[in-house]
Amino acid sequence: MEKIVIDGGVALQGTLRASGAKNAALPILIATLLAPGEHRLTNVPALTDTGSTLSLLGRIGCPSLVGRDSIRVDTSRIAFSEAPYDVVRKMRASVLVLGPLLARCGEAKVSLPGGCAIGTRPIDQHLKGLEALGCEFELSGGYVYGRAPDLRGADFTFDVVTVTGTENVVMAAVLARGTSVLRNAAREPEVVDLCNFLVSLGARIEGIGTDTLVIEGVPRLWAASRPYKILPDRIETGTYLCAAAVTGGDVTVENTDPTLLGAVLDVLRDAGCEVTTGEDWIRCRRSGPLRPFTFTTQPHPGFPTDMQAQLMTVACLANGESHIEETIFENRFMHAAELRRMGAVIDHCSSKATITGQPGLTGAAVMASDLRASAALVLAGLAADGLTEVLRIYHLDRGYENLVGKLRGVGARIGRVGDEVRDEEVMRRSLLVEVGLA
Ligand code: EPU
């Protein structure tokens, strides 16, 4: 199996471009199911999760064509209203087909996603919201069987703020008869992007970007003639800004949107980084020591849970004690144990972590448990003294387009190598050859 090898300690310098947001692209690709016709999307990131989504759409009967700058999806015909276990098991976001299939076909069979490394992640709010709109569900053999004999608007309040839960219910409500009011809805930029896409298909949604969405159902939606551009990936952007922070570098991320990252930029500034922004770029520079900081993860516009792990790596190198509280997922400190293997000092119990910053980290072989944990370990490797091997890199391929190429572009000594390379000296040489330094 491939791994990422990093020869750390280089201060990263330069400019790189953010890709489109994974967590906007996946629901928007799935939302094309709501409107028969040919859809064209641009700024879709080249990720394994994008491939999994296209293959799911293909199994439903909707072929796609991946071009150089855009992806076309033809949703004229739906052959099967099902998301099988082997797809949902690989990608939880597959559960998002539930709302669109119920709205368009009146029925759906979707495998129940299990828990995952970061938490139990139930879908009770998805089902409750859809039930409020008149859907009926039966659970059997690990599948949800849904029917929508009479999809009608409703006033529904989510018990917890859920991103994909809000998305699922919105996608059904846009084709329901009458008005829906969805309260305590998620306000994440990716939910906003999905709503804007639905509006481009003819949906009527008010309150976009607030926690109360008012949706006037329409009888049908139409594929738009113009391509729709997916918003920039704020989490990928934030990860590369952290790369500048941990290496004492100077990195500018272009093709992004600073307004999506307010809480993250505030923490980077607290950490002693100089952060400047323009309309579509963010620059992060660090010349002095890193300062300790405190944050709590919250639904948007609070600090995003998807940046918690990366900022923990920054805290590992700060001059003092940092405090992090994770309130979204119950098991999202799995990276702490691996960071400790690189010399980090982290104490955590349930949702709170105290990180005592160290002058440096040392390279080690580490194992990633999920996507953002993998990113945190790559950041640690970039800052560490010596060689770091990050195993299980399939997590990174799910959410970071061309991570190795982008980091090399700003000076990182990083490469992907096969498992057969074991000896440290051989590995270092093979990495240096790969990055063109030997
Ligand atoms: N929850 C429930 N019941 C539900 C749904 C959620 O109790 O029916 C709970 C969850 O267990 C969790 C909290 O609500 O404690 C929030 O979960 P949410 O539903 O918002 O998460 P999600 O929609 O499954 C999306 C992103 C995640 C991101 C979270 C939080 C996508 C495809 N995934 O997941 O992204 O962490 O929102 O912002 O949009 C990632 O990209 O690495 C990632 C995990």
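Start with Phe293, Phe295 and Phe303: together they make one aromatic cluster. Keep in mind that this is a predicted model.

Across the structure there are five aromatic pairs. Take Tyr143 and Tyr145. Their ring centres sit 6.5 Å apart with the planes at 50°, so this pair is tilted. Tyr143 is at 14% relative accessibility, so Tyr143 counts as buried. Tyr145 is at 36%, so Tyr145 counts as partly exposed.

Next pair: Phe197 and Tyr228. This one is edge-to-face, with 5.3 Å between centres and 70° between planes. Phe197 belongs to helix 7 and Tyr228 to strand 14, so the pair ties together parts 31 residues apart in sequence. Both residues are buried.

Now the ligand. How many residues surround the ligand? The count is 21, and the closest are Gln125, Thr162, Thr164, Asp306 and Ile328. By class, the shell has nine nonpolar, six polar and six charged residues.

Where does the shell come from? Domain 1 and domain 2 each give at least three residues. Helices 1, 5, 6 and 12 each supply at least two. Helix 5 gives the most, with three.

For Asn23, the distance is 3.0 Å. For Arg121, the distance is 2.9 Å. For Arg372, the distance is 2.8 Å. On its own, the ligand has 830 Å² of accessible area, and the protein covers 86% of that.

How values were computed: Residues numbered from 1 in each chain as written. Predicted model: local features only at pLDDT ≥ 70, side-chain atom pairs only at ≥ 80, totals over all residues. Heavy atoms only, no water. Near = heavy atom within 4 Å. Polar contact = N/O pair within 3.5 Å; in protein donor to acceptor, adjacent residues only side chain to side chain. Areas by Shrake-Rupley, 256 points an atom, 1.4 Å probe, with all protein chains shown as cover. Helix = DSSP H or I, 4+ residues; strand = E, 2+ residues; numbered from the N terminus. Nonpolar A, V, L, I, M, F, W, Y, C, P; charged D, E, K, R; others polar. Domains from an automatic or database assignment. Phe/Tyr/Trp six-rings, centres within 6.5 Å; stacked < 30°, edge-to-face > 60°. Buried < 20%, exposed > 50% of the residue type's maximum accessible area, 1.4 Å probe, protein only.
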